[in-house]
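Please look at the structure below before reading on.

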Amino acid sequence: MELAQGTQGKRYLMYISQNYSYAILRPLQQQIRTHGGEVKWFLEGTEVNPDFLAADEHRLHSIDEIKAWNPHATFAPANILPTFFPGKKVAVFHGFDAGKLNSRGKNDHFTIRGCFDLYCTQGPNTTGPFAQQAKEMGFFRVRETGWTMLDPLFSDIANNPYKSEADTRPTLLICSTFSKRLSLAPQLIEQVKQLRDSGKYRILVQFHPKMATEIVDQYKAMQDDTLTFIETDNVIPLLQAADVMLCDTSSILLMFLLLRRPVVTFNNQAPGPHILNVTEASEVEAAIDHALTQPAALMQEIEAFCQQLHPYQDGLSSQRVLAATNDLIESDGKELKRKPLNIIRQFKMRKKLGYWRF
């Protein structure tokens with residue numbers, strides 16, 4: 001189906017609960033508008049800031065408003081979505097599979113919760129597991145599209161505020177997940193101070209929005225001409241500004257690897273030859289310096305890994321997501337089985353949203 005013809009006049013809802021979701025869905029919004037569709041937003045919970053909505057972005061404030069507007073499809077960079085929303089439900093993911101295991105030792109990235117009609121996967125290493133489950137369960141489609149958030153990653157950002165032509169030192173970006181069990185942030189406070197005081201790097205620090213306030217405050221207190229703590233809803237300019245990343249098991253490291261730049265990790269849960277993983281704080285600085293040399297063997301491993309993770313560098317993932325969604329809408333997914341009722345999960349979602357109409 002030709003994209004403009006399939007999109008014209010259709011209504012698409014963006015369902016978000018975290019600030020980082022704006023950057024995930026805006027490239028898709030741009031494609032929808034370009035091809036004649038209409039977009040509105042629903043902000044769930046208190047952790048997403050409505051002030052980040054642009055003047056031309058329209059918000060729906062209630063489930064009743066959503067039902068009255070009657071979207072053809074809802075996009076969610078989340079694990080769950082209310083099944084009582086009208087239209088098709090499309091999962092576009094809030095990050096890559098970083099190998100994080102839950103308390104039961106299972107990888108939650110591939111858990112099917114019975115909420116979605118379509119999973120738009122990022123690359124071969126995620127398409128396979130989801131496609132196998134689709135074959136077994138039969139109530140959702142899987143299409144490999146690439147990730148919408150990365151469409152801008154492969155184009156230079158004009159006047160990037162995080163770059164500095166005057167400062168020629170290599171730029172180190174430090175990122176961390178919020179989980180106390182996995183986070184480098186509380187464990188490397190003294191080491192980061194030493195990195196700052198060495199004067200060898202220009203350091204940018206950005207943490208997951210759920211990071212504990214007391215940890216954030218300690219890093220903010222480190223700021224000077226060398227180290228800057230950054231809070232943002234769009235990490236892509238940060239990624240483009242850095243030469244090397246220091247991270248843990250946060251999925252943001254995978255986005256950085258797609259720029260074909262090296263990552264040093266601290267106690268990564270799924271270490272591999274595409275990253276330089278260390279387990280002692282005393283090893284961090286030497287690993288960063290080694291990464292900055294871009295050793296040939298490491299760079300070859302990064303390239304091979306990226307081909308499995310997200311082979312698309314054309315900036316057209318949003319177009320592929322939109323085409324897959326339109327195909328689902330037009331066909332009505334008639335080959336799909338009925339989704340499981342998930343009574344308990346949907347009860348919790350109704351309670352969270354305060355909506356009890358049927």
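Strand 8 and strand 9 (residues 202–207) run parallel and are joined by 6 bridges. Within this pair, Cys175 stands opposite Gln206 in strand 9. The model is a predicted one.

Helix 9 (residues 284–291) packs on the sheet, where it touches strand 8, strand 11 (244–247), strand 12 (263–266) and strand 13. The direction of helix 9 makes about 175° with that of strand 13.

The sheet is open and has 6 strands in the order 10-9-8-11-12-13, with parallel pairing. Strand 10 (227–229) and strand 13 (276–278) are its edge strands, each pairing on one side only. From one strand to the next, the twist averages 20°.

Ser183 lies in the loop between strand 8 (171–176) and helix 5 (189–198). Ser183 has a relative accessible area of 1%, and because the cut-off for buried is under 20%, Ser183 counts as buried. Apart from neighbours within four places in sequence, Ser183 is in contact with Ser176, Thr177, Phe178, Met211 and Asp248.

| Pair | Sense | Bridges |
|---|---|---|
| Strand 1 (residues 11–16) and strand 4 | parallel | 3 bridges |
| Strand 4 and strand 5 (residues 88–91) | parallel | 4 bridges |

Leu13 stands opposite Thr74 in strand 4, and Ala76 stands opposite Ala91 in strand 5. In a regular strand, side chains alternate between the two faces of the sheet. In strand 4, Ala73 and Phe75 are on one side, and Thr74 and Ala76 are on the other. These residues are all buried, which leaves both faces of strand 4 covered.

Notes
Residues are numbered from 1 along each chain as its sequence is written. This is a predicted model: local features need pLDDT of at least 70, side-chain atom pairs count only at pLDDT 80 or more; totals for chains, interfaces and linings use all residues. Side-chain values use heavy atoms; hydrogens and water are left out. Buried means under 20% relative accessible area, exposed over 50%, partly exposed in between (1.4 Å probe, protein chains only). Helices (H or I, at least four residues) and strands (E, at least two) are DSSP runs, numbered from the N terminus. Two strands pair if DSSP finds at least two bridges between them. Contact means heavy atoms within 4.5 Å. Axes are lines fitted to C-alpha atoms, for helices over the stretch in contact, and angles run from 0 to 180 degrees between N-to-C directions.
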